[in-house]
Amino acid sequence: MSELTAARRIVVKVGSSLLVGPDGAPDGAWLSALAADLGRLRDRGQQVLVVSSGAVALGRKRLSLGKRALTLPEKQAAAAAGQSALMRAWELALEPFGLPVAQILLTRDDTEVRKRWLNARATTETLMTLGVIPIVNENDTVVTEEIRYGDNDRLAARVAQMIGADVLVLLSDIDGLYSADPRSNPDAVHIPRLTHLTADIEAMAGGANQGAGVGTGGMATKILAARIAQQAGCATIITLGSRPAPLAAVEAGELATLIEPALSAKAAYKAWIAGSLSPNGGLVIDLGAVNALTTGKSLLSAGVRSVTGRFEKGDAVWVRDEAGREIARGLVRYDDSDAARICGLQSTAIEQVLGFSEGPMIHADDLALLFEPLVKPA
């Protein structure tokens, strides 16, 4: 599958039913095979993040809680006891392939509240740049039913959106979406590729993948996750996770369902900045800065003439020329008071004035032009 081989950044979601064996312990053989798969992706220059369930399932064994339904405090206790076991399992699996890991525990606010979203994104991207594979899970020790994602399929989609992933891989106990549940309907037809997610498609998913023994997901949650990813410019692949090296299997043409993105991840992110965020203030820039922005460059402090409004680091701001025309919108890297202090300064002088530097006023990656540039970026 070309989408997987061409992706720069990939999120892989692993469910409890794949990671935890019938005895309640990590399935070391399966994890080792997946680790080899992830190592192969890393070796060809791709960045990988794993969203992993399994903490509660592993904690059940540690706390001798059996298979019964858990109360919320018991579930939180199991998550606390099982999270270290989960990370140990990933460390043991990935270490032979030279893949360091880092734990990231998120709550819903970390991907829904913009400032926390920016902080989580910065940490995650730094780890991946350093060659680390982040292992992400919901922080089940503190969340309640009212404030949780509900399942790690949705968490994986939000994380894919946050880091601008090109492909989200949902490893399932079935090899993709069918017209009906293939385990109960022998006439069910496999669907290899989807461009649009319609109500009919969601209805097909409602009855599929209902037989998992542990975990909270199903095919319906995967389709909902794919919808989130699609609008973020990220393709989704749903495939059978239990086979060895499931990613290599997809590349080799084994059955899977691909849901195409609505647009590119970069275009989706720029559209979100341009149209979905309300600016809290703004920056007036000179003609030289206007010309730089139209060629795809970042907004440097040297080109900023004045600061308007109250905003904090990470807030959306408008960018106008000295005639008052709105040129762009972007996520600013300084609060309003610091921005005002470095207006007109060269980048090399910022740290001397503020005692620190966050780089450009607005990075090109976080800036959306509101008109077609006269000069195309190279």
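Strand β1 sends Arg-9, Val-11 and Lys-13 one way and Ile-10, Val-12 and Val-14 the other, and every one of these side chains is buried. This is a predicted model, so keep that in mind while reading on.

- β1 covers residues 9-14, and since six of its six residues are buried, the strand is largely enclosed by the rest of the structure.
- On one side, β1 runs parallel to β2 (residues 47-52), and six bridges join the pair.
- If you want a place to start looking at that pairing, Arg-9 has Gln-47 as its bridge partner in β2.
- β1 also runs parallel to β5 (residues 167-172), this time with four bridges.

- Arg-42 and Asp-43 are joined through their side chains by a salt bridge, at 3.0 Å from N to O.
- Arg-42 counts as partly exposed because its relative accessibility is 29%, while Asp-43, at 60%, is exposed.
- Arg-44 makes a salt bridge with Glu-251, with 2.5 Å between N and O.
- That one ties together distant parts of the chain: Arg-44 sits in the loop between α3 (28-43) and β2, Glu-251 belongs to helix α11 (residues 246-251), and 207 residues separate them.
- Arg-44 is partly exposed too, with a relative accessibility of 35%.

**A buried pair, and a network**

- Asp-153 and Lys-222 form a salt bridge between their side chains, 3.3 Å from N to O.
- Here again the link is between distant parts of the chain, with Asp-153 in helix α8 (residues 152-163) and Lys-222 in helix α10 (residues 219-231), 69 residues apart.
- Buried or exposed? For Asp-153, the relative accessible area is 0%, so the residue is buried.
- Lys-222 comes out at 4% relative accessibility, so this residue counts as buried as well.
- Elsewhere, salt bridges with shared partners connect Asp-37, Arg-40, Arg-44 and Glu-251 into one network.

Technical notes. Residues are numbered from 1 along each chain as its sequence is written. This is a predicted model: local features need pLDDT of at least 70, side-chain atom pairs count only at pLDDT 80 or more; totals for chains, interfaces and linings use all residues. Side-chain values use heavy atoms; hydrogens and water are left out. Buried means under 20% relative accessible area, exposed over 50%, partly exposed in between (1.4 Å probe, protein chains only). Helices (H or I, at least four residues) and strands (E, at least two) are DSSP runs, numbered from the N terminus. Two strands pair if DSSP finds at least two bridges between them. A salt bridge is a side-chain nitrogen of Lys or Arg within 4 Å of a carboxyl oxygen of Asp or Glu.
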